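Biologist: Hi! Could you walk me through this one? I'd like the overall picture, then some details.

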Amino acid sequence: MKLNNITPDPISSEKKKSNSFEESKRESKLVVLQSIGYPFLCNLMENPKIDIFDKELFELYAREQWEGYTVNEGLFLFDQKLLPDFAFKIVKAHPDNSRITKNTSILLMEVQESREIKRIESKIMMEDVIGQERAKTKCKIIMKYLQEPEIFGDWAPRNVLFHGAPGTGKTMLAKSLSNELKIPLFLVKATSLIGEHVGDGARQIHDLFEMASGSSPSVIFIDEIDAIGLDRRYQSLRGDVSEVVNALLTELDGINPNQGVVTIGATNNPPLLDQALRSRFEEEIEFLLPEEGERLAILELYSASIPIEVDVDLKKLASVTSGFSGRDIKERVLKVALHKALSDDEDVLVWKHIEYALKHHKKDKKDPKGMYA
Ligand SMILES: Nc1ncnc2c1ncn2[C@@H]1O[C@H](COP(=O)(O)OP(=O)(O)OP(=O)(O)O)[C@@H](O)[C@H]1O
Ligand SMILES: [Mg+2]
């Protein structure tokens, strides 16, 4: 038997390069990959779960085998070393249709990371956010900037802090901003940026800003920013938090005003923020609890989508819900009342269902920790 008949196909590695439409001359600044798996499976092989042990080593490994490749978003790169033919999807190439060089940053989205840094798509419109006029005005400026960054020069909006009582529309407004502009919103909970190991948090922040600038125009929304932006007096209580704050300060300063990235931080508790971090936000916008007229508008907005008939005096309800947030009105009043009506097998939501919800809300408020603590 002549084994040497089986010669390696000289074109196969060329074929692998053919993910490009044409060889690009532009240099890729950033490539974000997502591990997909083998093109097919047989009994002998399983799709391995790719977990990055060292991001810098992975980058070297990736550059070494794919240097010179042209990358286009949505297409694939195939591993040729450790896991031959294992596929990686190109989720982001910046700029698109560019060529990987020694300087290209290559990131692999970890399963965990993609959960933490969520690219949100939403259908919420800005007019659905009732009240919060100052915040909406700022968002309109941000929208203008993201559409035409050139006209703002050095005067671009960059970092804004939303603060105020829970459930008043901070996250909702940020989502509406990205929806109206059809741009990506990178939403991250600050607590998820504190890594398990020293260095994790700082790197996650770096990756977050890199991803956002790679997808610009874009908005980064850091929720519960007080969790990492803790005042230095408290930082010693929280291990690597100061390293995370420093990373955040560096990134906030590093964003070029013409880059089209706006960072919105949100907190219920601004005085807890580190002073240096707090001063990076050009504007602090307070989200207020809705006034009576706004409560009525919120009630009208949400009761319209209740799946059964609603026969309730909404004006009266607006007048008795002073101190309620938008979230309280939707979740604790309307939703609880609807569930009560449904559980009683009734097809019209009436005042007695509302009374049931209000009674329970009042009780929960009085004793928020519950009787079991
Ligand atoms: N001003 C508002 N107009 C309309 N709906 C609102 C408003 N505020 C809150 N809601 C309703 O409450 C929900 C929760 O609001 P949201 O998540 O934006 O609050 P938040 O200010 O981010 O709260 P937290 O500080 O707890 O994160 C919204 O999805 C929306 O259904
Ligand atoms: Mg929120």
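This is a predicted model: local features need pLDDT of at least 70, side-chain atom pairs count only at pLDDT 80 or more; totals for chains, interfaces and linings use all residues.

Biologist: What share of the residues counts as buried?

Modeller: That would be 35% of the 373 residues.

Biologist: And the contacts between residues at least 6 apart in sequence: what percentage joins residues at least 24 apart?

Modeller: For the protein, that comes to 78% of those contacts.

Biologist: Let's switch to α12. How many residues does α12 have, and what is its reach?

Modeller: Helix α12 covers residues 326–343, which is 18 residues. From first C-alpha to last, α12 reaches 24 Å, close to the 26 Å expected at 1.5 Å a residue.

Biologist: Where is the kink in α12 centred?

Modeller: On lysine 335, with a kink of about 25 degrees.

Biologist: New topic: where does leucine 248 lie?

Modeller: Leucine 248 lies in helix α8, residues 241–254.

Biologist: Why does leucine 248 count as buried?

Modeller: Because leucine 248 has 28 C-beta neighbours inside 10 Å, and the cut-off for buried is 20 or more.

Biologist: Which residues does leucine 248 touch, leaving out those up to four places away in sequence?

Modeller: Leucine 248 touches Ile205, Ile228 and Leu277. As for phenylalanine 209, leucine 248 is 39 residues from it in sequence and 9.2 Å from it in space, C-alpha to C-alpha.

Methods
Residues are numbered from 1 along each chain as its sequence is written. Chains are lettered from A and ligands numbered from 1 in the order in which they are written. A residue is buried if 20 or more other C-beta atoms lie within 10 Å of its own, exposed if 12 or fewer, and partly exposed in between; C-beta atoms are placed from the backbone. Two residues are in contact if their C-beta atoms, placed from the backbone, lie within 7 Å. Helices (H or I, at least four residues) and strands (E, at least two) are DSSP runs, numbered from the N terminus. The expected span of a helix is 1.5 Å times one less than its number of residues. The bend at a residue is the angle between axes fitted to the seven residues ending there and the seven starting there.
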